[in-house]
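Please open the structure in your viewer and keep the sequence panel beside it.

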Amino acid sequence: MEHQKTSYDTLPERIDYLIQEISEIKNILINRIEKREEIPKYLSTENALAYLKKTGFPMSKSQLYKLTSCGKMPFHKSGNTLLFIPEELDKWCEDKIQTVSHEENELQLLIKSPLNKWKKKV
């Protein structure tokens, strides 16, 4: 519909047009919600890297292998293939955030410690 000035005579027609447009937008949004990207139960190494990147933890493949070989990241094996469960990766990410926050708090307490003030005076 072309842009026209709305008058009392054209108001019902314009309202009908707006209702139709809103209905179309609503249908588009409903379809997008229903067609959400399904995350598989197990992720391959490549998919795990992409998943971690989306959640804000980008890393290289070698970093991922180092973390799994040290047992610092949850994974499962099927033959020689590493598999990752998205929920476990989410938990690992949350734990990493809490660990960093906890370490920062300990560092702040150490800096503000009265013992450190005493050492500086001596």
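**First stop: a pair in helix α4**

Select Lys 91 and Asp 95, which are separated by about one helical turn because they stand 4 residues apart in helix α4 (residues 86-112). Their side chains form a salt bridge whose closest N and O atoms are 3.0 Å apart, a salt bridge being a side-chain nitrogen of Lys or Arg within 4 Å of a carboxyl oxygen of Asp or Glu. Lys 91 is partly exposed, with a relative accessible area of 48%, and Asp 95 is partly exposed as well, at 30%; here buried means under 20% relative accessible area, exposed over 50%, and partly exposed in between, with a 1.4 Å probe and protein chains only.

Before moving on, note that this is a predicted model, in which local features need pLDDT of at least 70 and side-chain atom pairs count only at pLDDT 80 or more, while totals for chains, interfaces and linings use all residues. Residues are numbered from 1 along each chain as its sequence is written, and side-chain values use heavy atoms, with hydrogens and water left out.

Next select Lys 61 and Glu 46, whose side chains meet in a salt bridge at 2.6 Å, N to O. This pair links distant parts of the chain, 15 residues apart, since Lys 61 lies in helix α3 (residues 61-69) and Glu 46 in helix α2 (residues 45-54). Lys 61 is partly exposed, at 37% relative accessible area, and Glu 46 is also partly exposed, at 45%. By this rule, the count of salt bridges comes to 2.

Now select Tyr 8, Leu 11, Ile 15 and Ile 19, which form a nonpolar surface patch with about 460 Å² of accessible area together. Patches are made of residues with over 30% relative accessible area and no salt bridge, like charges being joined within 9 Å and nonpolar side chains (Val, Leu, Ile, Met, Phe, Trp, Tyr) within 5 Å. Accessible areas come from the Shrake-Rupley method with a 1.4 Å probe, and for residues only the protein chains shown count as cover. Tyr 8 is found in the segment before α1 (11-34), and Tyr 8 counts as exposed because its relative accessibility is 78%.

**Last stop: the whole chain**

Finally, colour the protein by secondary structure: there are 5 helices and 2 strands, in the order α-α-α-β-β-α-α along the sequence. Helices (H or I, at least four residues) and strands (E, at least two) are DSSP runs, numbered from the N terminus. Of the 122 residues, 16% count as buried.
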